[in-house]
Amino acid sequence: MAETALGLLNDVGLEGLTLRRIAKELDVQAPALYWHFKNKQELLDEMATVLLGRMTAPLAGAGGGSGDGSGGGDWRVMLTETCRQTRSTLLGYRDGGKVFGGTRLRDQALLRPMEAMLAAMRGAGFTTERAARAWFTTYAYTVGYVIEEQSVFPVPGDPQPDPAYDQRERERSVGADHPLTAAAGVEMFGDTARGFEDGLRAVVAGIEATLLRGE
């Protein structure tokens with residue numbers, strides 16, 4: 001059922017994804033779905049769990065899978081590749097970031113990759129508390145970035161931005177009084193893939209400087 005809902009996302013978006021719409025797709029009566037999900041939030045939790053299952057393979061394999069944080073900074077590789085895979089997966093679905101953010105995991109088996117990540121960071125010298133903070137910071141950066149990115153490019157795979165983010169129109173409307181803000185739009189709403197990588201490097205570098213090596 002979660003697979004069906006994910007398949008509908010690109011057609012109807014998050015706002016249009018209702019239990020009634022899913023029931024129609026499955027050719028069942030809407031009340032039948034309430035045996036599985038009490039409300040839309042429970043459905044979103046299940047959808048996010050399916051998405052998470054598709055994101056976890058790189059975490060297990062990144063950095064050689066040593067799990068001890070040794071050998072050339074494996075924790076950086078694991079953290080970076082997991083964020084990349086998270087973004088890539090969410091961008092495959094309309095409103096993927098909004099669907100995933102703020103949900104609750106329904107399959108605890110999917111916690112194993114996170115456990116491996118935290119173990120690698122502990123092996124590199126992080127305390128458990130700082131490893132958790134590092135993980136949550138990069139997670140929040142990635143999901144938040146995708147939500148903003150999908151507001152600019154709402155249709156998966158379509159390089160055309162939403163008309164509200166047309167840079168030439170933006171320059172006409174704000175450029176005269178706010179030239180720096182207008183120029184910043186090129187960076188914020190242009191090459192979002194490069195922007196994500198630049199920001200991720202900054203976040204990981206900041207984690208190393210403040211949470212690993214800082215006081």
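## Contacts of R106 and selected local features

Leaving out residues up to four places away in sequence, R106 touches H36, F37, E42, D45, E46 and T49, where contact means heavy atoms within 4.5 Å. This is a predicted model, in which local features need pLDDT of at least 70, side-chain atom pairs count only at pLDDT 80 or more, and totals for chains, interfaces and linings use all residues. Residues are numbered from 1 along each chain as its sequence is written, and side-chain values use heavy atoms, with hydrogens and water left out.

R106 lies in the loop between α7 and α8 (112-123); helices are DSSP runs of H or I with at least four residues, and strands are E runs of at least two, numbered from the N terminus. The side chains of R106 and E46 are joined by a polar contact of 2.7 Å. A polar contact is a pair of N or O atoms within 3.5 Å; within protein, one must be able to donate a hydrogen and the other to accept it, and residues adjacent in sequence count only if both atoms are side-chain atoms. Between the C-alpha atoms of R106 and Y93, which are 13 residues apart along the chain, the separation is 20 Å.

UniProt, in an unreviewed entry, places the feature "DNA-binding region" at residues 18-37; its positions are given in the numbering used here, feature names are shortened, and annotations may be inferred rather than shown by experiment. Over residues 18-37 the chain is 60% helix and 0% strand, with the end C-alpha atoms 12 Å apart. D27 is found in the loop between α2 (19-26) and α3 (30-33). D27 is not a glycine, yet has a positive phi of about 60 degrees. D95, in the loop between α6 (74-91) and α7 (96-100), likewise has a positive phi of about 60 degrees without being a glycine.

The table gives relative accessibility, with buried under 20%, exposed over 50% and partly exposed in between (1.4 Å probe, protein chains only).

| Residue | Relative accessibility | Class |
|---|---|---|
| D27 | 71% | exposed |
| R106 | 40% | partly exposed |
| M1 | 30% | partly exposed |
| Q167 | 18% | buried |

Q167 belongs to helix α10 (residues 167-174). Apart from its neighbours within four places in sequence, Q167 is in contact with A182, G185 and V186. M1 is found in the segment before α1 (2-16).
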